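Try each task before you read its solution.

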Amino acid sequence: MNRTTIFAAMLFVIAAVSVAEAEERVLFGFDQPESAKAWQTVNDGVMGGRSDGRFKINEDNNMEFFGTLSLKNNGGFASVRARDGNLALKQDDVIVTRVKGDGREYNINLYTEKNRFSYRQSFKTKKDEWIEVEFPLDTFSATWRGQRFPNEKLDPSTLTGLGFLLGDKTPGPFKLEVEWIKVGKSLGEMFKVLCEGTYKHHLQGVCTDEISIFWSFTTTLVKTDMEGKVLNTISVANHHGDLCFHDGKLYVAVNLGKFNDPEGNADSWVYVYDAETLTELARHETQEVFHGAGGIGYRDGHFVVVGGLPDGVEENYVYEYDSEFKFLKKYIINSGHTRLGIQTATFANDRWWFGCYGDPKILLVTDTDFRMQGRYEIDCSLGIEGMTHGRLLVGSGRCEKDNGCAGGVQTAFPNEKAGLQFQSNTSK
């Protein structure tokens, strides 16, 4: 049994383990008299700002982080943090905290003793409701003075502090209550979600930053929360295909010409959008994708674009680009026939996953060098996306003549024999 097969088998075994059985330990609790000693507030006053952030341990033995955010004097943040020595975290750990907020978006920050960077992840609170929020270590982004550094990797062994920060550019009072902060190993939530609304054309791809889900409905880009509620939509050129998320941006494979034409009369592009606002930021030609760009994925600073094929071709092609979309190399996947080529792509669990149209619809799995690892009769042609904890997010959809097109997603785990194990038949 080779390394890839062993890894896939391990993921399937892990998927059957209950999250509740994962080992946990408390990083910070607030039920002891000395609980407050490790914590301090750091506000924008260090830069001349006027924000007032404070904390206390309340009568329920929870920490309250509260105050007023101000944008005066170029300010705009308030924070509370604990620097309490080595946190003894490991790469596959997940920080979990139970909080009650005011509906605003906060950040959780991790700190090292010597590195100038802090490592950040945002989370949305529900007004006056207790929620538990998970933060896998591999989803934190390095920041310094408000700028992101996506290539700066987090070394968990160097972490010596943790804190919460508010900097949502909305002046006014705030309050975040924290009951506890724990660390454990989690598989994450398994879920199914329907995208709110219907659209003129069918779903082409999905991606997520695990705060929002992004949907490409051919001529409409849609941003929803993780429960499928629409946050924003924009009309886009026909034909927007699969998309991926990287460093706060959406990258969409776009073909303005013909698909699957033997003469190559495609017009292949990648359009770039701001993930927060869906504002278009850039367009990059990818004319090397000869039969029409349909799918896109990202790995280690490079993008791969895939697309259509004329019928009868017994292989598939992958086109690699650098971060500025300079063409680097064309790869051949010895996949056998997949009608109309590859439509969706993602890199997850040390492998590439490619969803193909056709009858039957095919899922291709390759190693990092695009050598075949598996071929399965699974429909991932409307979107496949890697997530934390080894999960994948798979798109689905339907169109009705008078009602338009709808979309949905569900989580799945890799499975050695079946390719993917979906929520409906996965034990948690």
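**Exercise 1: A residue and its surroundings**

T143 touches F117, S118, R120, R148 and F149, leaving out residues up to four places away in sequence. This is a predicted model.

Task: Find the strand that holds T143, and decide whether T143 is buried or exposed.

Solution. Start with the strand: T143 sits in β10, residues 141-144. Next, take the relative accessibility, which is 6% for T143. Buried means under 20%, so T143 counts as buried.

**Exercise 2: Cysteine pairing**

Task: How many disulfides does a search of the whole structure find, and why is C195 too far for a bond?

Solution. Begin with the search: it finds one disulfide. C399 and C405 form that link, with their sulfur atoms 2.0 Å apart. Then check the handedness: the angle about the S-S bond is 110°, and the link of C399 and C405 is right-handed. Now turn to C195. A disulfide needs sulfur atoms within 2.5 Å. The closest cysteine sulfur to that of C195 is in C405, 12 Å away, so C195 is too far for a bond. C244 is in no disulfide either; its nearest cysteine sulfur, in C207, is 6.7 Å away.

**Exercise 3: The largest nonpolar core**

Task: Which residues touch the most other members of the largest nonpolar core, and which strand gives the largest share?

Solution. The core has 36 residues, and W39, L162 and F164 touch the most other members. Strand β13, residues 172-184, gives the largest share, five residues. Finally, inspect L162: beyond four places in sequence, its contacts include W39, L87, I108 and I181.

Conventions: Residues are numbered from 1 along each chain as its sequence is written. This is a predicted model: local features need pLDDT of at least 70, side-chain atom pairs count only at pLDDT 80 or more; totals for chains, interfaces and linings use all residues. Side-chain values use heavy atoms; hydrogens and water are left out. A nonpolar core is a set of buried Ala, Val, Leu, Ile, Met, Phe, Trp, Tyr and Cys residues joined through side-chain atoms within 4.5 Å. Buried means under 20% relative accessible area, exposed over 50%, partly exposed in between (1.4 Å probe, protein chains only). Helices (H or I, at least four residues) and strands (E, at least two) are DSSP runs, numbered from the N terminus. Contact means heavy atoms within 4.5 Å.
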